[in-house]
Amino acid sequence: AFTEERARDSYENVLFSIARFRELTGSVPRHLTVVGYAFKRDRFEREHVPALRWPADRFAYEGTPAASAEREKTSGEREAGVREAFARDPYGCGAELAGKRASRDPFAVVGGSHPYLATNPELAGLFAHCGAKTYAGALPW
């Protein structure tokens with residue numbers, strides 16, 4: 001088991017977890033499993049996994065219910081907006097999503113710096129990619 005402490009949103013949770021795994025083991029994982037609230041499944045499967053070009057057959061999402069029915073309802077309603085934002089901005093670099101990231105930076109690092117550029121140079125292009133088009137560069141998976 002290991003932790004990844006730099007991610008500020010769901011997209012970074014997936015990407016940085018891959019990078020952290022590679023940092024610790026020297027290779028990328030063969031399979032990814034995300035455990036999270038059930039109402040977030042679509043965002044991971046339809047937005048984040050395709051943005052990373054991760055093979056869908058090597059991804060699983062284990063959904064858990066929210067703490068209460070009321071939280072499930074209100075969070076699910078907000079989720080539609082978040083999913084739409086990632087559909088327009090899959091890499092989260094536009095004003096809306098980048099602003100959320102900046103407000104969630106636990107290390108107060110300007111630009112949201114992370115150590116994975118140094119330990120995962122083969123992902124540098126993906127880390128830097130911005131825009132609505134899917135990253136087309138080489139990936140180690």
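A disulfide here is a pair of cysteine sulfur atoms within 2.5 Å. This is a predicted model, in which local features need pLDDT of at least 70, side-chain atom pairs count only at pLDDT 80 or more, and totals for chains, interfaces and linings use all residues. Residues are numbered from 1 along each chain as its sequence is written, and side-chain values use heavy atoms, with hydrogens and water left out.

User: How many disulfides does the rule give, and which residues does a disulfide join?
Analyst: The count comes to 1 disulfide. The S to S distance is 1.9 Å, and the residues joined are C93 and C130.

User: What is the handedness of the disulfide of C93 and C130?
Analyst: C93 and C130 are joined by a disulfide. The torsion about their S-S bond is about 105°, so the disulfide is right-handed.

User: Is C130 buried, partly exposed or exposed?
Analyst: Buried means under 20% relative accessible area, exposed over 50%, and partly exposed in between (1.4 Å probe, protein chains only). The relative accessibility of C130 is 46%, so C130 is partly exposed.

User: Is N120 buried or exposed?
Analyst: N120 sits in the loop between α5 (116-119) and α6 (124-128), where helices are DSSP runs of H or I, at least four residues, numbered from the N terminus. Its relative accessible area is 0%, so N120 is buried.

User: Which residues does N120 touch, not counting residues up to four places away in sequence?
Analyst: Contact means heavy atoms within 4.5 Å. With residues up to four places away in sequence left out, N120 touches A19, R22, E23 and F127.

Methods
Helix = DSSP H or I, 4+ residues; strand = E, 2+ residues; numbered from the N terminus.
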